[in-house]
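Thanks for making the time, everyone.

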Amino acid sequence: MPKPTILIALDSHSAAFCNAIKTQLQELNTVQSRLIQIYTLVGENQAFSFNSELDKFADWSFELESDGKQKFVSQINAQFNQTINTLQTELIDLIKTATQSESAIALKRQGVEISSTHRIYLMLSIGNPEVRGIVFELVRLIRWLFNKYFTDVPYSLEGLLLLPGLFSQVTTADYSEAYTLLRELDYKMSSGVAKTVTPNLPPFHNCWLCDERIGGLKDNLTSYADAFAGFLTLEAETNGLLIGTQKVRGKLPAYSAFGYGELFFPSEIIINRLSASLAADILDRQFLPQAKSTLEVNRKWLLDTKEFILNEDFSNAFLELERDNGKPVWQDFNPRINLQAGMAREYGMELQRAYKQFEKKELLSYKRTLENSCQQVQLALNTYLDRRINYYADATPTGLHEAVTLLNLLTYLYIELQAESINEQPQNLITELHAAEAFIDSQLEIKINRETTQKLLNQVYYLRLQRQQIQDNLAQGESEELRQEIKTIQEQLKTVIDEYHQALNSEIEQTRQIRFVAITQAREEAQKAIDANIKHLNSAENHLETATDKRNEIIEEENLFRKQYLIIFPGIVAVGIISILIVIGIFNQSILWLLLRNFWSNLAPYLLGTAVNVLIYLGIVLLKYNSKIRHRLIKVQKQIKQLESSLKANAVELRRSYNEQLKLEYDLYVQKLRVEALNHLIKTVKQKAVNLRQSLAEISGIYHKLVQEREQSTTKFSENRLAVLTDTDVDIYYQNFLAKFPTDKFTTLIVSRSKSWKISAEEFQNKLIPFARQQFEQLSNLSVAQVLKQTDLIAENTANIRLNQLYDSSNLLLRIQDIDANLNPTSQKETTLWVCAEDKEEMFETYSRFSRSLTPVVAEDKDRLCILTRSLGFPAYFLGQIEFYRDCYERTQNEPDEIPDLIPDEIGSNKQLKLAYQNLFLAIALGLVSQNTQEDYQFNGGLIGKDREEISQALVNEFSLEEIYEEIRQSIETFEHDLIYQKLQKLGTDIKDLTSYERKLLDNLLSDYNPLN
């Protein structure tokens, strides 16, 4: 059952350690880990308080700096007692919060049963003198609070003691301070900490010790944090014997040690690594490969670029520009206006009005139709472009890069420079644009001088050919001269190409200026033609009117002539004859009758004569008519016909001029739209090239991110928390998987290359990662024991190695001496195995071979296999380095105290060292060992060292001094005790630099050799 747990760090080093433990607990995210609250005791401004922000007060150097702090112990103790009331309130809140935190409430709502027993851990660096001034007062306060305010709450108060060996820059003073605190703690574990009538209880229910068993804390922080995190989360389920009731050599077995090892299957991390690897390889094999650049490949791309232009879909798109539903857009200017006689000026005005109306209506309508057609053309070209890009993208794994190459060539301004690769004129959108701009050059009679660019282009071809020939010769044999020549040609080629670029750009600009001027002149010429035709029409009409007037005058003259000679003059003759006859009849009727009878009798001759005369008269009249009137009339009528024909021709020409001007504007607009469509396509191609490059860059970014994620998804955690599969195991499994997995499955089923550049990088990644993860999701269902049996995941011998590593990693985090074990029946070592129910029997059988005291416990987490080893209830002198601690303590302590020593007097490996130190003092006192002028100690003329402590250690530990040490001991035995006592007294006054430890040794010797004893 999970227990509310409070972990309090009492110093900055412990705060750093606890912060690392907190991080590991968050990663575990178990029920017990969510019930652990961690604080640090902070002393600021002469006040103490608890703070949960451990990183603010943590000392990550893990360097002990105890020198000079001993004198502040009493001061810190006084400051702590001054703020005890504030701490009391804060501690009450902490204890209440243990079961009322958000995590605890959430677990209760989920139906999790939480134990009422509270656990409080105090972590302290026992080499830090400041801790000694705090820990016992804080323990006493906690004991008092539970006895006073939380009497119904069962609890355990335990200490986590970090020994000095865990830290760096440790001095003798640090070990001495650690020994001082252990002595005081050991004393209080027996005598209790109470100062009043409160039940006198020991400071802790148990003290857990930890030293540098796996290395220093700074370099192995993660390993120690994993061990302590496992200890805190799993210890709640086991309660062994903590403090023995039977003393060993008078010492209370109040200390314990633990070791923790975990073998787990980080399925999420492994799946992340595998999926990142697969996703990266999919990108590397299906999206990011680049085709090799060779002469054949370049030739192929030039031909593909030309094929893009010559394709029917491309040409048909432009054919539809001047069509509307299959019909030509342009309809000639042909208004229904007839030229009537004498109405030429009105005809010109009507025609001009019709022209303006056509320009405003029909021509504008044509332009709108062309605009719509142009949009359709652009849409068709874009569709065609997308289709070609998709074709190249999906054709091969290098398709995306090939599509970029095609798009770059389609918009390459100097494509003519590549003409020698295909031995024909290359084509791309730029050449088509130039052709579209020159669409009406022949109509405008424009001629472009391309002599300069063609000359430079030929020069480029020649230099390239010359370079190729030299390279072929160079391939047959090395020649510095040929290399230099190639270098020269390369420089010349660069210069000529730069000149060609400048010349071509200049030519393009000049061509545009020439076209602009030509279009302006064409418009002016068209207007001049219209004006001239109008003028000719009006002039023809004037001439026609003049000729018509002249014809009318001749006709009037003709009518008058006819009237005179055919009516008036014959009428006068007839009236004259009749008048004569009337007069004769009046005056002489006989003559009249005679004349009449003569007339009737000679009627025929008279009629004949009359007819002859009439004919003669008519001939004379006709001759006169022809010579005077008819010739002129015919001439005028002929002139009128010519003028009428000219007038009609001028009218037609005027209509044609108007039509040509309108057609010119139409053609210019068509050319503008054609150029606009090509420019739009070029812009689209460039934009799609940018999009493709950006997509490739984003895909490349995803690839590098996946590679980085793969490297970060490592199964290397710590020495105590082992992954069942190492990175190497995972990579081997992945390589075997990849050998059988078709990476094009993603492009076939999920996202094709042609689609990849049209979606966002985030969407692409959101499709790629789940696909890659899906291939390994079955691994998430495996337990750690099942993984060990999967031969495709891990080899059998490797699985055995992992199981052995787990047991080795659970070794105690403390060096313990195997002494007096028979005298300590309460001390026990237990090993607990946490394993899921389905793997319990198999794992128990495996680890029973390592430990007879193995206890299996069923765990809910199938991904973890945990071993907790505990050594419970041993006295402090079981510590592996306890004698070294005491030695450091004795060297630095100046004043003896009444607290019993940790190590029983009857045991101790430092006894030999102490004896060697005493023998050295006796040898110095007796003159067997003396100092030379350099203050080096010597025996029988041989140097043995300068420092007395180092000499003592050497006498015990070094083989080369073993005979000297034995000789010194034998020589000392030859002296009388009284003499030795006198010499020791003198030695005490002669040597001024005796340490407190040496002074104590000397006092013991004086006591041993005192004649009165």
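On disulfides, the count for this predicted model comes to zero. Let me go through two of the cysteines, since a pair of sulfur atoms has to lie within 2.5 Å to be counted as a disulfide. For cysteine 207, the closest cysteine sulfur belongs to cysteine 210 and is 14 Å away, which is too far for a bond.

Let me move on to the salt bridges, of which the structure holds 33. I will take up three of them, and the one I would start with joins aspartate 211 to arginine 815, where the closest N and O atoms are 3.9 Å apart. This pair links distant parts of the chain, because aspartate 211 sits in the loop between β6 (206–210) and α10 (221–234) while arginine 815 sits in the loop between α28 (796–809) and β11 (828–835), and the two are 604 residues apart. Which of the two partners is buried, and which is partly exposed? Aspartate 211 is the buried one, with a relative accessible area of 3%, whereas arginine 815 is partly exposed at 32%. There is also a network of salt bridges here, linking Asp211, Glu212 and Arg815.

The other two bridges lie within helices. In helix α8 (residues 135–148), arginine 140 and glutamate 137 are three residues apart, about one turn of the helix, and their closest N and O atoms are 2.9 Å apart. Arginine 140 is partly exposed, with a relative accessible area of 26%, while glutamate 137 is buried at 7%. In helix α22 (residues 603–712), lysine 672 and glutamate 676 are four residues apart, again about one turn, and the closest N and O atoms of this salt bridge are 3.7 Å apart. Here lysine 672 counts as partly exposed at 43% relative accessibility, and glutamate 676 also counts as partly exposed, at 31%.

Finally, there is a negative surface patch, formed by Glu545, Asp549, Glu553 and Glu556. Of these, glutamate 553 is found in helix α20, which spans residues 480–587, and with a relative accessibility of 52% glutamate 553 counts as exposed.

Conventions:
Residues are numbered from 1 along each chain as its sequence is written. This is a predicted model: local features need pLDDT of at least 70, side-chain atom pairs count only at pLDDT 80 or more; totals for chains, interfaces and linings use all residues. Side-chain values use heavy atoms; hydrogens and water are left out. Patches are made of residues with over 30% relative accessible area and no salt bridge: like charges are joined within 9 Å, nonpolar side chains (Val, Leu, Ile, Met, Phe, Trp, Tyr) within 5 Å. Accessible areas come from the Shrake-Rupley method with a 1.4 Å probe; for residues, only the protein chains shown count as cover. A salt bridge is a side-chain nitrogen of Lys or Arg within 4 Å of a carboxyl oxygen of Asp or Glu. Lys and Arg count as positive and Asp and Glu as negative; His and the chain ends are not counted. The place of a charge is taken as NZ of Lys, CZ of Arg, CG of Asp or CD of Glu. Buried means under 20% relative accessible area, exposed over 50%, partly exposed in between (1.4 Å probe, protein chains only).
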